[in-house]
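Visitor: I would like a close look at a single part of this structure. Please take me through it step by step.

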Amino acid sequence: MKVTAYRVFGRRNILREAQHAAPSAADLVAHNVRGRLPRVEIVLTTPQGIGELTTRAESSLVPGASPGALDKNRRIVVRNARSVFGLTTATRNGVLILLNAHKLPHPDLLAVTLVHELVHAMQFSRPGVLERHLDRVRHNLDIAPLSRRELRSLDRHMNADEDEAYRMESALTPQLNAYAA
């Protein structure tokens, strides 16, 4: 597991804490969540970095998007990233977890976010999850638009995955904090 920073200045304490906590969080999640932990890269970055890295990863998975669609997707991701703690997306080599350095001033928030995003990483190993993610990416990049019915179905699956991540986050974070203490 690789933990790095991208376009983050003056937040080295958060990066060190993430490098320290990530292996423990990964072990804890791997033993308590159904699925297999893929190769994970964790990047501490800004909302703009989240937009850039997400668009880069998704466009490499689903080639053929126009430059205009990529720019539009990047702007939407940046706007949404301002209010989230982290984002998990698939890459060719595994899973990319992007942590918003602006929303993580305290190590306790970092632990909660790591557990939550690692649960999402585990979910990518389950049947159908990666395919649904790629369908959503193709739709977002205007490569293969989906019907409203298909979008509602994807939203239901995404909400179920989110609910599981929140349940596991509340169950596992106290164990991670106790282990780290």
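Predicted model: local features only at pLDDT ≥ 70, side-chain atom pairs only at ≥ 80, totals over all residues.

In which loop does Arg-7 lie?

Guide: Arg-7 lies in the loop between β1 and α1. Its backbone deserves a look. Phi of Arg-7 is positive, about 55°, although Arg-7 is not a glycine. Most residues other than glycine have a negative phi.

Now step back along the chain, into the sheet. Four strands form an open sheet, and their order is β1-β2-β4-β3. The pairing is mixed. Strand β1 covers residues 2-6 and β3 covers 86-91; both stand at the edges with a single partner strand each, so one side of each has no neighbour in the sheet. From one strand to the next, the twist averages 25°. Strands of a sheet pair through backbone hydrogen bonds, either parallel or antiparallel.

Take β3 and β4 as an example. Strand β4 spans residues 94-100. Six bridges join β4 to β3, and the two run antiparallel.

Leu-99 is in strand β4. Is Leu-99 buried or exposed? Leu-99 has a relative accessible area of 0%, so it counts as buried, the cut-off being under 20%. Look at what Leu-99 touches, leaving aside its neighbours within four places in sequence. Its contacts include Ile-42, Val-43, Leu-44 and Thr-45. Among the others are Ile-50, Phe-85, Leu-104 and Leu-114. Leu-99 and Gly-10 are 89 residues apart in sequence, and 15 Å apart in space from C-alpha to C-alpha.

Phe-85, one of the contacts of Leu-99, has another partner. The charged end of Lys-103 sits over the ring of Phe-85, 5.4 Å from the ring centre. What about ring against ring? The structure holds zero aromatic pairs.

Finally, return to the theme of phi. Asp-142 also has a positive value, near 60°, and is a residue other than glycine. Asp-142 lies in the loop between α5, residues 129-140, and α6, residues 148-180.

Definitions and conventions
Residues numbered from 1 in each chain as written. Heavy atoms only, no water. Pairing = 2+ DSSP bridges. Axes fitted to C-alpha atoms, helices over the stretch in contact; angles between N-to-C directions. Buried < 20%, exposed > 50% of the residue type's maximum accessible area, 1.4 Å probe, protein only. Contact = heavy atoms within 4.5 Å. Phe/Tyr/Trp six-rings, centres within 6.5 Å; stacked < 30°, edge-to-face > 60°. Lys NZ or Arg CZ within 6 Å of the ring centre and 35° of its normal.
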